[in-house]
Amino acid sequence: MSPTSTTLDTTTSVLGAPVPRREGREKVTGAARYAAEQHLPRRAHAWPVPATVARGRVTAVDTAAALALPGVLGVLTPYDAPRLGPSDDPTLQLLQDLRVPHRGWYVALAIADTLEQARAAADAVRVTYEAEPHDVTLREGHPGLYTPEQANGGYPAHREQGDPDAAFAAAPVRVDVVYSVPPLHNHAMEPHAATADWDAGSGHLTVYDSCQGTTVVRSVLAGLFELPEDRITVLSEHVGGGFGSKGTPRPHVVLAVMATRHCGRPVTLALPRQHMAAVVGHRAPTLHHVRLGARPDGTLTSLTHEVTTHTSQIREFVEQAAVPARVMYAAPDNRTTHRVTALDVPTPSWMRAPGETPGMYALESAMDELADALGMDPVELRVRNDAATEPDSGRPFSSRHLVECLRDGARRFGWPGRRPPRHEGPLLIGAGVAAATYPVYIAPAGARAHARPDGSYLVEVNATDIGTGARTVLSQIAADALGVPLDSVSVAIGNSSLPAGPVAGGSTGTASWGWAVHDACSALTDRLAGHHGPLPAAGLSASADTTQSAKQKSPYARHAFGAHFAEVQADTVTGEVRVRRLLGVFAAGHILNPRTARSQLVGGMVMGLGMALTEHSALDPAFGDFAERDLAAYHVPANADVPAIEAHWIDEHDKHLNPMGSKGIGEIGIVGTAAAIGNAVCQATGRRFRELPLTPDRVLAALEGEPTTAAGAAG
Amino acid sequence: MKPFAYVRATTLEEAADAYAAHPGSRYLAGGTNLVDLMKLGIEAPGALIDISRLPMEEIGELPGGGLRVGANVRNSDLAADPRVRERYPLLSQALLSGASGQLRNVATTGGNLLQRTRCGYFQDLSKPCNKREPGSGCGAREGIHRDHAVLGHSEQCIATQPSDMAVALAALDAEVELYGGGGTTRTVAVTEFHRLPGDHPEQDTVIRPGEIITAVVLPAAAPGAVSLYRKARERTSYAFALASVAVLLDLDDGRVRRVALAFGGLAHRPWRATTAEARLTGAAPQPDTVRAAVEAELAQARPLRDNAYKVPLARNLACQAIAALAHSAGPVP
């Protein structure tokens with residue numbers, strides 16, 4: 001299909017058609033403008049100054065040298081920065097006090113005519129500190145560990161049913177294992193950036209922000225700068241990825257607004273990659289203690305998943321890594337719990353499928369270990385323990401096709417069952433499987449649909465397209481609901497003046513914005529049906545707001561499921577592990593656009609591959625910061641690491657979701673990938689690895705030792 | 001913002017004169033490392049003297065079958081040159097295993113030799129580094145040093161030299177031609193070009209202030225000799241070596257007439273394994289013999305807290321590379 005042949009026969013549904021993304025040409029030709037590329041007249045630049053101690057207090061900031069440099073418009077410090085209004089997020093209370101909660105925390109902001117001048121001014125700021133001893137090392141038994149009330153997402157931190165300890169002790173087959181996932185960083189291709197423009201004359205603030213949702217950015221800025229929301233416009237026409245790290249406002253946008261209010265000119269602040277590890281969030285490290293008890297036929301009798309993690313000194317964020325164990329398998333006696341300790345570290349936050357990603361790595365690795373202990377095919381073990389109702393809540397599933405994903409994936413992949421691994425010279429080759437799950441979330445949204453006399457339609461919704469294809473899919477939903485050709489519909493998104501929409505996060509976007517678009521378009525269709533004669537010059541409009549429907553509590557447990565299959569090779573010479581094949585099958589409701597959906601699912605799987613093999617951030621115990629601060633050190637997979645990846649799906653027909661019948665697909669691709677790869681490495685090598693990533697140093701050390709499992713030893 | 005002068009040199013003399021005239025100068029060729037370091041504030045030259053247009057872009061034949069590679073030959077061009085691929089396959093392999101296609105299109109032969117360590121402490125102005133700021137201390141020694149040196153490091157510095165190309169050149173016994181101003185030239189063996197850190201880690205190489213690399217000379221390849229470069233890394237491309245090995249092997253009736261073995265990623269310079277070479281010369285390259293010879297070399301290693309893995313990794317790479325070459329060169333008695 002040529003890129004221009006997008007006109008689709010509307011007698012078949014435009015929903016489910018592989019429509020190319022609407023802004024693709026703008027992006028590949030460089031015409032798409034991102035937040036830092038807003039070349040407003042008289043634009044100035046800002047550059048923040050990070051703290052160089054891991055804990056302590058600022059005792060002085062000497063700005064004299066910086067202010068003497070050419071082009072410098074000002075340097076803001078904790079002593080003189082404007083006081084901010086309240087915000088729920090303490091990481092946004094920037095330059096408000098002298099405390100340094102972690103290395104990299106911003107302690108000053110330089111503003112100058114040019115980017116280079118701002119940077120030079122920032123370098124010339126002299127900050128002195130009263131340093132205190134710091135602690136950035138998470139470990140079991142850390143004296144600061146406590147059980148929080150809730151984990152991220154509002155989940156109770158602790159859940160328990162029956163007597164899991166007694167059931168475990170009585171189980172004929174037991175797995176009692178510990179896993180470790182290091183800190184990880186989102187590192188979207190586009191760094192966090194904002195261009196802020198304060199018009200003192202009109203009292204209006206305009207902000208171009210690289211974010212996952214402008215409605216929330218406007219709301220937070222209104223609180224911090226004590227402005228009414230109708231005097232703030234936040235725009236994000238194009239966003240170069242976020243993966244959760246742009247889900248709420250981050251320091252860059254607050255500092256950009258401070259700067260424009262200080263100098264009365266538009267100001268761009270684009271974070272250098274080297275700062276990002278410390279100030280825009282990371283996936284917190286997690287230590288997992290998983291205990292599975294089973295009968296000889298594989299039926300689980302006891303499941304405990306205990307997670308230990310860290311947060312910062314300024315905000316509690318608890319990676320909800322034990323939560324997926326409440327969804328996956330029926331075990332009558334179970335415990336899922338989280339403990340956290342506040343360390344002198346940057347504040348962790350959302351990274352693609354928070355909770356599910358590390359949690360399912362541990363749970364699905366443990367299931368593989370149980371299959372080993374039982375001598376059972378790991379696919380069959382998962383089928384055996386499929387849950388009829390959601391284990392934690394007892395609610396029926398709106399749809400659950402995990403078994404179908406496993407069966408279909410095994411067939412497509414050519415799953416070898418428990419056949420021994422292969423050799424090719426020094427390479428050991430094995431296969432692994434793991435399951436995936438991700439919840440269905442929905443958030444209220446508004447939308448407006450407008451019919452013009454010329455037969456075209458405009459749909460407005462404050463969605464954000466962070467590279468997913470949201471703009472394209474929303475146009476499909478609109479055309480479908482209006483019953484009109486796709487080409488006649490234009491969609492306006494990425495502007496806080498539009499009807500409010502939630503962030504592009506939690507895999508909620510298409511469902512939430514789409515529902516509002518669907519309702520607005522349906523209402524417009526009704527209006528048009530009742531209208532006779534030509535449309536008035538102003539056209540006809542209809543609006544929708546899904547607050548009522550979205551907030552209605554479903555009697556169903558709603559989750560997407562999936563299965564990953566991986567084939568890997570481990571080099572006995574070097575310990576290098578490479579993925580040869582990766583295949584995922586997902587059951588995620590009705591897939592609205594196979595082209596953009598496949599891209600999302602494959603993208604998630606690649607990110608999971610990185611988590612399994614190459615990505616790690618290390619907290620430097622001596623200096624207190626992350627050692628990997630650029631993309632030469634933080635190894636996201638390169639093209640050569642990404643083999644033939646296949647993503648398939650089972651088209652579910654689930655009436656209990658939303659008018660489109662869709663589940664979110666932005667995150668499930670990463671969930672379980674690392675476990676499938678780790679399980680494949682175990683099968684290939686006969687060694688069980690319980691600490692990610694599987695880098696050559698770890699793998700080689702294990703290969704030089706004795707096999708740790710019976711299963712792989714056969715090879 | 002630190003202003004600096006930019007001078008475009010059209011001859012070597014002009015370049016050397018400009019260097020002498022501008023305190024704190026740096027020569028600019030591909031700029032793939034220097035410009036990064038300027039952005040990070042690690043390099044702050046008073047002048048950039050652009051030598052990228054000097055006529056040093058030829059790969060010329062030498063009498064006897066060697067090649068003279070001009071300092072401005074791009075890494076991608078050197079890797080693709082049919083004579084290099086034919087006579088020095090390990091050099092082509094080493095170049096292609098480094099950086100990315102885009103970087104190789106710009107990076108030069110001379111610049112590659114002068115690239116600086118990627119040690120995270122060297123690259124972070126807020127942390128101590130004896131290489132960047134003599135006397136400030138070494139942040140890596142007690143910090144994160146999984147990627148750092150196991151051979152030849154000092155109390156002052158545990159950084160590694162990051163070049164893949166230099167490891168192949170060390171095995172090839174290549175020489176570096178230097179122009180020193182006033183028409184003076186000298187030649188330094190690649191194996192002597194990079195230094196061990198000792199008490200002066202700020203000096204990566206023996207190059208003198210103002211000297212310009214004009215060429216790298218590759219001696220004639222021995223007929224029948226075979227060679228290989230192999231690199232272990234965390235991802236399949238665009239990652240520095242955890243360890244690498246360059247091997248040149250010349251067998252005579254199943255016995256080693258000559259072997260050259262160099263390691264990358266282990267030290268402050270390409271590590272020419274002379275102990276192993278001496279043990280292997282004249283021997284049949286049986287696996288046990290090779291392993292014993294390589295282990296004798298690596299017995300000098302002094303691993304740090306978190307990088308002991310590099311010793312078995314380097315050993316395995318060397319043993320496998322020699323075995324593969326011996327196999328391709330003919331039966332071992």
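Colleague: How many bridges join strand β20 of chain A to β23(A), and do the two run parallel or antiparallel?

Modeller: Helices (H or I, at least four residues) and strands (E, at least two) are read as DSSP runs and numbered from the N terminus, and two strands are said to pair if DSSP finds at least two bridges between them. Here strand β20 (residues 446-451) of chain A is joined to β23(A) by six bridges, and the two run antiparallel; within that pairing, A:G446 stands opposite A:D545. Keep in mind that this is a predicted model, in which local features need pLDDT of at least 70 and side-chain atom pairs count only at pLDDT 80 or more, while totals for chains, interfaces and linings use all residues. Residues are numbered from 1 along each chain as its sequence is written, and chains are lettered from A and ligands numbered from 1 in the order in which they are written.

Colleague: What is the strand order of the open sheet, and which strands stand at its edges?

Modeller: The sheet has four strands in the order β22-β21-β20-β23 of chain A, with mixed pairing. At its edges are β22 (489-492) and β23 (540-545) of chain A, and because each has a single partner strand, one side of each is left without a neighbour in the sheet. From one strand to the next, the twist averages 15°.

Colleague: Which helices of chain A lie across these strands?

Modeller: Two terms come first: residues are in contact if their C-beta atoms, placed from the backbone, lie within 7 Å, and axes are lines fitted to C-alpha atoms, for helices over the stretch in contact, with angles from 0 to 180 degrees between N-to-C directions. Helix α11 (residues 470-482) of chain A lies across β20, β21 (457-460) and β22, at about 130° to β22(A), whereas helix α12 (residues 509-529) of chain A lies across β20, β21 and β23, at about 145° to β23(A).

Colleague: Is helix α8 of chain A largely enclosed or open, and why?

Modeller: A residue is buried if 20 or more other C-beta atoms lie within 10 Å of its own, exposed if 12 or fewer, and partly exposed in between, with the C-beta atoms placed from the backbone. Because 18 of its 19 residues are buried, α8(A) is largely enclosed by the rest of the structure. Just after this helix, A:G375 takes a positive phi of about 70°.

Colleague: At what angle do α8(A) and α15(A) pack, and which residues meet?

Modeller: A crossing is left-handed if the near helix is turned anticlockwise from the far one by less than a right angle, and right-handed if clockwise. α8(A) packs against helix α15 (residues 673-685) of chain A at about 35°, with the axes 8 Å apart, and this crossing is right-handed. From α8(A), A:M360, A:Y361, A:E364, A:S365 and A:D368 meet A:A674, A:A675, A:G678, A:N679 and A:C682 of α15(A). The contact divides into five nonpolar, three polar and two charged residues, where Ala, Val, Leu, Ile, Met, Phe, Trp, Tyr, Cys and Pro count as nonpolar, Asp, Glu, Lys and Arg as charged, and the others, Gly among them, as polar.

Colleague: How are the two faces of strand β24 of chain A covered?

Modeller: In a regular strand the side chains alternate between the two faces of the sheet. In β24 (residues 559-571) of chain A, 13 of 13 residues are buried; A:H559, A:F561 and A:A563 are among those that point one way, and A:A560, A:G562 and A:H564 among those that point the other way. β24(A) pairs in the antiparallel sense with strand β19 (residues 427-439) of chain A over 13 bridges and with strand β25 (residues 577-587) of chain A over 10 bridges. β24(A) and β25(A) form a hairpin with five residues between them, and A:G575 in the turn has a positive phi of about 80°.

Colleague: How many residues of chain B are in contact with chain A, and which element gives the largest share?

Modeller: 26 residues of chain B are in contact with 30 residues of chain A. On the chain B side, the largest share, five residues, comes from α13(B), and the residues of that side divide into 10 nonpolar, nine polar and seven charged.

Colleague: Is A:P172 buried or exposed?

Modeller: A:P172 counts as exposed because it has 11 C-beta neighbours inside 10 Å. A:P172 is placed in the loop between α4 (164-170) and β10 (173-181) of chain A, and, not counting residues up to four places away in sequence, A:P172 touches A:R295 and A:P296.
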